Structures are given as structure tokens and as C-alpha cells.
Amino acid sequence: MKRIEANDPAATRQKGMKCYNKGEYESAFKYLTKAAELGDYEAHYHLSRMYRDGRGVEQDSKKEKYHLEEAAIGGHPSARYTLGLYEARQFRFDRATKHWIISANLGCDESMDMIREFYSKGAVSKEDFAAALRAH
């Protein structure tokens, strides 16, 4: 608790995840929100999932996307991958590809799979496909 009281974002996030895993979603939300405010991008990612699933909070796609974007800016590969999926659903394949290339560069295999699939369908350019392969 000393690290949490000292505003350590990682310790605060870990406490939030312990609460989440016990099903204590309201407490998890409190700790994860504090960790996110302290700049922890992992906390932003977990908050996005809470808003998506409606665990401890009301489902809210705008808040889900906000926290995904914050996590992605912080370097979270799964957040980038998910943002790519959002863009692909809107038929913005160029934006989706950019998210996936960044995510693949961070080691996300799922992003590389999506780039490969969209390349085979002609939705990703040869140059972008080659850039993703080099980055991954």
C-alpha cells in the first residue's frame, strides 16, 4: 500500500488488476483510473476493456475508444491492433494498416496476420506489407 499511497502507477495498476481478477470491479475501476491518470498505459488498456464489457462501469464505446487510443499512444501493441480493427470495420484500410504496422513492430503477431490477410485481398499495398514484414 505504501507504493500506491506514493502514487506509483504500476503498483496502483497491479492493485486494480488484483481487484478485477477477484470480481471486485468497482474497486478495480478506482485503482485503474488512478493509475491511468498517473500515466500508466496498461491501465488505460484495461479500462478500455472494462468499458467494452460493462464490468464495474456502464458500457461506453466512446470511453472504450478513448482509453484504447491512450494505451496505443503509450505503446500498447494490443491497443494498436484493436484500433486497427475499428478502422477496418469503417473501411479505412489505410489507417488500419498503419495501426497494424506499428503494432507488428511492437511484436503483435495478430497484427501481422491481419496485414497478411488484407494484403492477400488487395487491401494492403505491397510497400506496406513489406514494411510490416521488416518491422515485425
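Student: Is the crossing of α2 and α3 left-handed or right-handed?

Tutor: The crossing of α2 and α3 is left-handed, that is, the near helix is turned anticlockwise from the far one by less than a right angle. This is a predicted model, in which local features need pLDDT of at least 70 and side-chain atom pairs count only at pLDDT 80 or more, while totals for chains, interfaces and linings use all residues. Residues are numbered from 1 along each chain as its sequence is written, and side-chain values use heavy atoms, without hydrogens or water.

Helix α3 spans residues 25-37, and α2 covers residues 9-21; helices here are DSSP runs of H or I with at least four residues, numbered from the N terminus. The two axes lie 7 Å apart, and the helices pack at an angle of about 165 degrees (lines fitted to C-alpha atoms over the stretch in contact, with angles from 0 to 180 degrees between N-to-C directions). α2 and α3 are therefore roughly antiparallel to each other, a term for angles over 145 degrees.

From α2, the contact (heavy atoms within 4.5 Å) is made by P9, T12, R13, K15, G16, M17, C19 and Y20. Helix α3 contributes Y25, S27, A28, Y31, L32, K34 and A35.

T12 is buried, its relative accessible area being 0% (buried means under 20%, with a 1.4 Å probe and protein chains only). Leaving aside residues up to four places away in sequence, T12 touches Y31, K34 and A35, together with I4 and L38. Y31, K34 and A35 also belong to the α3 side of the helix contact.

Definitions and conventions: Helices (H or I, at least four residues) and strands (E, at least two) are DSSP runs, numbered from the N terminus. Buried means under 20% relative accessible area, exposed over 50%, partly exposed in between (1.4 Å probe, protein chains only). Angles under 35 degrees count as roughly parallel, over 145 as roughly antiparallel, 65 to 115 as roughly perpendicular and the rest as oblique.
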